[in-house]
Amino acid sequence: PELGDKYNWLANARLKKNYRDGSATIGYSRSITNSSGLTDQLNVNENYIALLDYSATRFTDIALNATYSKNRTIPSSTLDLKSYSVGLTCTVRLYRWLDMEVGANHFRQSSAGTVGGDFIRDQAFIKFTASLNDIKL
């Protein structure tokens, strides 16, 4: 079938290497979907990822992640976005039933098409997760 035959396509590939105290992952995905508007354009999205996970102690995990994405329309470049994101997260088990996650993330997007805009977003967060199944009364 031709790409213009209203099919949606998706391809993924990931490689993961496990180590004694962590893992490293790289990946790529590409999707081609039909535009939902009145135009006969296709949306092409490509994502590249890299993840590093490290178990610092029995109760502490550290994760570093990076993503680079390209999103565009064809045959015209109505949408032409490039973005990247990097983040660092530390998860600590405080109790058997309570985890705390502390992290930061940086995101940047640039647009060369007629739709979309440039922007930067920085985030920092603290998250607590309670598992009620593990609480002993």
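Me: What share of the 137 residues in the protein is buried?

Reply: This is a predicted model. A residue counts as buried when its relative accessible area is under 20%. Among the 137 residues of the protein, the buried share is 23%.

Me: How many helices and how many strands are there in the protein?

Reply: Read along the sequence, the pattern is β-β-β-β-β-β-β. The count is therefore zero helices and seven strands.

Me: Which strand pairs with β6 over 14 bridges, and in what sense?

Reply: β6 covers residues 98–111. A hairpin through two residues joins β5 to β6, and R93 stands opposite D99 in β6. The partner over 14 bridges is residues 80–95, and the sense is antiparallel: strand β5.

Me: How many bridges join β6 to β7?

Reply: Strand β7 spans residues 119–130 and runs antiparallel to β6. L98 stands opposite A130 in β7. The number of bridges joining β6 to β7 is 12.

Me: What accessible area does the nonpolar patch on the surface have?

Reply: The patch is formed by L94, Y95, W97, V102, I126 and F128. β5 and β7 each supply at least two of its residues. Together the six side chains named have an accessible area of about 600 Å².

Me: Where is W97 found, and is W97 buried or partly exposed?

Reply: W97 is found in the loop between β5 and β6. Its relative accessible area is 32%. Buried would need a value under 20% and exposed one over 50%, so W97 is partly exposed.

Me: How many aromatic pairs does a search of the whole structure find, and what class is the pair of Y48 and Y68?

Reply: The search finds four aromatic pairs. The rings of Y48 and Y68 have their centres 6.0 Å apart and their planes at 35 degrees. Planes under 30 degrees apart would count as stacked and over 60 as edge-to-face, so this pair is tilted.

Me: How far apart in sequence are the parts that the pair of Y48 and Y68 ties together?

Reply: Y48 lies in strand β3, residues 42–57, and Y68 lies in strand β4, residues 60–74. Y48 is partly exposed at 33% relative accessible area, and Y68 is partly exposed at 34%.

Me: Which residues do ring pairs link into a cluster?

Reply: Y48 and Y68 form a tilted pair. Ring pairs link these two with one further tyrosine, and the cluster is Y28, Y48 and Y68.

Me: What class is the pair of F107 and F119?

Reply: F107 is in strand β6 and F119 in strand β7, 12 residues apart. The ring centres are 5.5 Å apart and the planes stand at 40 degrees. That angle lies between the limits of 30 and 60 degrees, so the pair is tilted.

Me: Which residue lies over the face of F107?

Reply: A charge over a ring also occurs at Y19, where K17 lies 5.8 Å from the ring centre. For F107, the residue over the face is at 5.0 Å from the ring centre, and it is R121.

Note on methods:
Residues are numbered from 1 along each chain as its sequence is written. This is a predicted model: local features need pLDDT of at least 70, side-chain atom pairs count only at pLDDT 80 or more; totals for chains, interfaces and linings use all residues. Side-chain values use heavy atoms; hydrogens and water are left out. Two strands pair if DSSP finds at least two bridges between them. Helices (H or I, at least four residues) and strands (E, at least two) are DSSP runs, numbered from the N terminus. Patches are made of residues with over 30% relative accessible area and no salt bridge: like charges are joined within 9 Å, nonpolar side chains (Val, Leu, Ile, Met, Phe, Trp, Tyr) within 5 Å. Accessible areas come from the Shrake-Rupley method with a 1.4 Å probe; for residues, only the protein chains shown count as cover. A salt bridge is a side-chain nitrogen of Lys or Arg within 4 Å of a carboxyl oxygen of Asp or Glu. Buried means under 20% relative accessible area, exposed over 50%, partly exposed in between (1.4 Å probe, protein chains only). Rings of Phe, Tyr and Trp (its six-membered ring) pair if their centres lie within 6.5 Å; planes under 30 degrees apart count as stacked, over 60 as edge-to-face and the rest as tilted. A charge sits over a ring if NZ of Lys or CZ of Arg is within 6 Å of the ring centre and within 35 degrees of the ring normal.
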